[in-house]
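Me: I would like to learn how to read ligand shells, pockets and cavities in a protein model. Can we work through one case?

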Amino acid sequence: MIPVLELSRVRAGYGSIDVLHGVDLSIHAGEVVALLGPNGAGKTTTLAVASGQIRPSSGSISLMGHTVNGVRPDRLARSGVCLVPEGRGIFANLTVRENLLMSSYAGVSIEQIEARTYELFPRLGERRSQTAGTLSGGEQQMLALSRALTTDPAILLLDELSMGLAPLVVSDLYHRVGELASDGLSILIVEQFAQAVLGVADRAAVMVNGEIRSIGEPEEISDALAEAYLGG
Ligand SMILES: Nc1ncnc2c1ncn2[C@@H]1O[C@H](COP(=O)(O)OP(=O)(O)OP(=O)(O)O)[C@@H](O)[C@H]1O
Ligand SMILES: [Mg+2]
């Protein structure tokens, strides 16, 4: 089966500084893959490459079997690659409803988008007229995720969804993420702290210093994960 998204031997960085040193990673349809690792490992950079914000200096990125090196982020987004960036990416001064409206594409009505969003996250329905900046952290993450879903993505790239949230909120969010994957969405989740995401991940990869040290089912990578955080 052709992966929805595949990075092969990707090297990339900022200016002359290389951050990723030959990363191989693939995500299949309906699969949840967790990319874990300590601060500065290159996780966000991997998502930047996958979403077209950074062009790899070598190696390749393919989407449904087609090479997309150098394709611009807006075009990749229209092809179904959707990034939910670290720190949420919502418009703080707009209401929940306006935020959903902003990200809607031609052909889908705001009514449809709202219905789908509020079914997934009833709390957002109750708060549809509230400005996004005054939502709780968890509600803001729900909104960021909902905005991403309005584009009907093929693959969702989530960066530190759990940042600043209570463990219970995180496990609820990841439970919803798991449901999206069982509907066929492919999801790559970046997290620094692993526990929350391992429950929904089909596979997990441990990244250290711009290299994938270990990849496999969550239980198979636990040693590598412990080593990564202990600075081994
Ligand atoms: N815009 C940039 N310019 C220069 N260096 C950068 C830039 N963004 C990131 N880096 C460097 O690249 C390396 C990898 O950063 P990256 O953000 O990918 O790490 P990360 O794994 O997401 O870490 P964290 O868990 O802290 O978010 C770090 O050393 C970082 O300082
Ligand atoms: Mg990061």
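Predicted model: local features only at pLDDT ≥ 70, side-chain atom pairs only at ≥ 80, totals over all residues.

Me: Where should I begin with the ligand, and how many residues surround ligand 1?

Reply: Begin with the shell, meaning residues with a heavy atom within 4 Å of the molecule. Here ligand 1 has 13 such residues around it, and Asn39, Gly40, Lys43, Thr44 and Thr45 are the closest. Sorted by class, the shell holds six polar, four nonpolar and three charged residues.

Me: Which element gives the most to the shell around ligand 1?

Reply: Helix 1, residues 43-50, contributes three residues, the most of any element.

Me: Which polar atoms lie by the oxygen atoms of ligand 1, backbone or side-chain?

Reply: For this, look for pairs of N or O atoms within 3.5 Å. Gly40 places a backbone N or O atom 2.8 Å from an oxygen atom of ligand 1. A polar backbone atom of Gly42 is 2.9 Å from an oxygen atom of the ligand. With Lys43 a polar side-chain atom is involved, at 2.7 Å from an oxygen atom of ligand 1.

Me: How much of the accessible area of ligand 1 does the protein cover?

Reply: On its own ligand 1 has 640 Å² of accessible area, and the protein covers 59% of that.

Me: Now the pockets. What is the idea behind finding them, and how much space lies in the largest pocket?

Reply: Rolling a probe the size of a water molecule over the atoms shows where empty space is left. In this model the largest pocket contains about 400 Å³ of space. It is lined by 20 residues, with Ala77, Cys82, Leu83, Arg147 and Thr151 closest to its centre.

Me: Which elements supply the lining of the largest pocket, and how does it divide by class?

Reply: At least two residues each come from helix 2 (73-78), strand 6 (81-84), helix 3 (96-103) and helix 6 (137-149). Strand 6 gives the most, four residues. The lining comprises 12 nonpolar, five polar and three charged residues. Domain 1 (1-80 + 154-232) and domain 2 (90-152) each provide at least three residues of this lining.

Me: What is the volume of the second largest pocket, and which residues lie nearest its centre?

Reply: Its volume is about 280 Å³. There are 15 lining residues, and those nearest the centre are Ile113, Arg116, Thr117, Leu120 and Leu149. Helix 4 (110-120), helix 6 and helix 7 (167-182) are the elements that give two or more residues. Helix 4 has the largest share, with six. By class, the lining has five nonpolar, five polar and five charged residues.

Me: Where does the second largest pocket lie relative to domain 1 and domain 2?

Reply: To place a pocket, check which domains its lining comes from. Both domain 1 and domain 2 give residues to this lining, so the second largest pocket lies between them.

Me: Last, the cavities. How many of 30 Å³ or more are there?

Reply: A cavity is a space where the probe fits but cannot get out. The count here is one cavity of 30 Å³ or more. The largest cavity has a volume of about 40 Å³. Its lining includes Val49, Ile54, Arg55, Pro56 and Asn69. The lining of the largest cavity divides into six nonpolar residues, three polar and one charged.

How values were computed
Residues numbered from 1 in each chain as written. Chains lettered and ligands numbered in written order. Heavy atoms only, no water. Polar contact = N/O pair within 3.5 Å; in protein donor to acceptor, adjacent residues only side chain to side chain. Areas by Shrake-Rupley, 256 points an atom, 1.4 Å probe, with all protein chains shown as cover. Nonpolar A, V, L, I, M, F, W, Y, C, P; charged D, E, K, R; others polar. 1 Å grid on protein atoms, 1.4 Å probe; cavity = no way out; pocket = protein on both sides within 12 Å on 5 of 7 lines; lining within 4 Å. Points joined across faces, edges and corners; volume = space filled by probe spheres on them. Domains from an automatic or database assignment.
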